[in-house]
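Visitor: Hi, could you walk me through this one? I'd like to know what sits where.

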Amino acid sequence: MTDWTTCPAVERTPGKVSGAWVFAGTRIPLFALYENLAAGATVEDFVEWFPGVDEE
């Protein structure tokens with residue numbers, strides 16, 4: 001399991017998206033990235049589809 005607590009690109013706040021890890025400054029859950037990648041999307045696709053997320 002990955003320890004996301006030291007990654008500035010994501011955040012988790014109780015009460016925000018049910019406490020799920022989200023991309024910082026958004027309500028886009030981190031698991032959305034993994035689901036899209038598993039379905040065949042590229043990182044570039046994901047960044048295009050979800051404004052507020054960048055490749056960094």
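Guide: Happy to; we can go through the helix, the loop, the charges and the surface in turn.

Visitor: Before that, what kind of model is it?
Guide: It is a predicted model, where local features need pLDDT of at least 70, side-chain atom pairs count only at pLDDT 80 or more, and totals for chains, interfaces and linings use all residues. Residues are numbered from 1 along each chain as its sequence is written, and side-chain values use heavy atoms, with hydrogens and water left out.

Visitor: Good. Which residues are buried in helix α1?
Guide: In α1, residues 30–38, the buried ones are L30, A32, L33 and N36. Buried means under 20% relative accessible area, exposed means over 50%, and partly exposed is in between, with a 1.4 Å probe and protein chains only. Helices (H or I, at least four residues) and strands (E, at least two) are DSSP runs, numbered from the N terminus.

Visitor: Why do those buried residues line one face of the helix?
Guide: Looking down the axis of α1, the buried residues fall within an arc of 155 degrees, so they line one face. That arc is taken from the directions from the helix axis to the C-beta atoms. As background, an α-helix has 3.6 residues a turn, so residues three or four places apart point the same way.

Visitor: And which residues are exposed on the other side of α1?
Guide: E35 and A38 are exposed there.

Visitor: Is S18 buried or exposed?
Guide: S18 is at 79% relative accessibility, so it counts as exposed. V17, at 22%, counts as partly exposed.

Visitor: What else is in that loop?
Guide: P14 is found there, and at 75% relative accessibility it counts as exposed. From P14 to T26 the C-alpha separation is 14 Å, for residues 12 apart in sequence. The C-alpha atoms of S18 and F31, 13 residues apart along the chain, are separated by 13 Å.

Visitor: Charges next. How many salt bridges does a search of the whole structure find?
Guide: The search finds one, counting a side-chain nitrogen of Lys or Arg within 4 Å of a carboxyl oxygen of Asp or Glu.

Visitor: Which residue pairs with E11?
Guide: E11 forms a salt bridge with K16, and the closest N and O atoms are 2.8 Å apart. E11 counts as partly exposed, at 26% relative accessibility.

Visitor: Which residues form the negative surface patch?
Guide: E44, D54, E55 and E56 form it. Patches are made of residues with over 30% relative accessible area and no salt bridge, with like charges joined within 9 Å and nonpolar side chains (Val, Leu, Ile, Met, Phe, Trp, Tyr) within 5 Å. Asp and Glu count as negative and Lys and Arg as positive, while His and the chain ends are not counted.

Visitor: Where does D54 sit?
Guide: D54 is in the segment after α2 (43–49). It is exposed, with a relative accessible area of 51%. D54 and F23 are 31 residues apart in sequence and 9.3 Å apart in space, C-alpha to C-alpha.

Visitor: Last one: what makes the nonpolar surface patch?
Guide: Y34, L37 and V43 make a patch of about 250 Å², with areas from the Shrake-Rupley method and a 1.4 Å probe. L37 lies in helix α1 and is partly exposed, with a relative accessible area of 34%.

Methods:
Charge placed at Lys NZ, Arg CZ, Asp CG, Glu CD.
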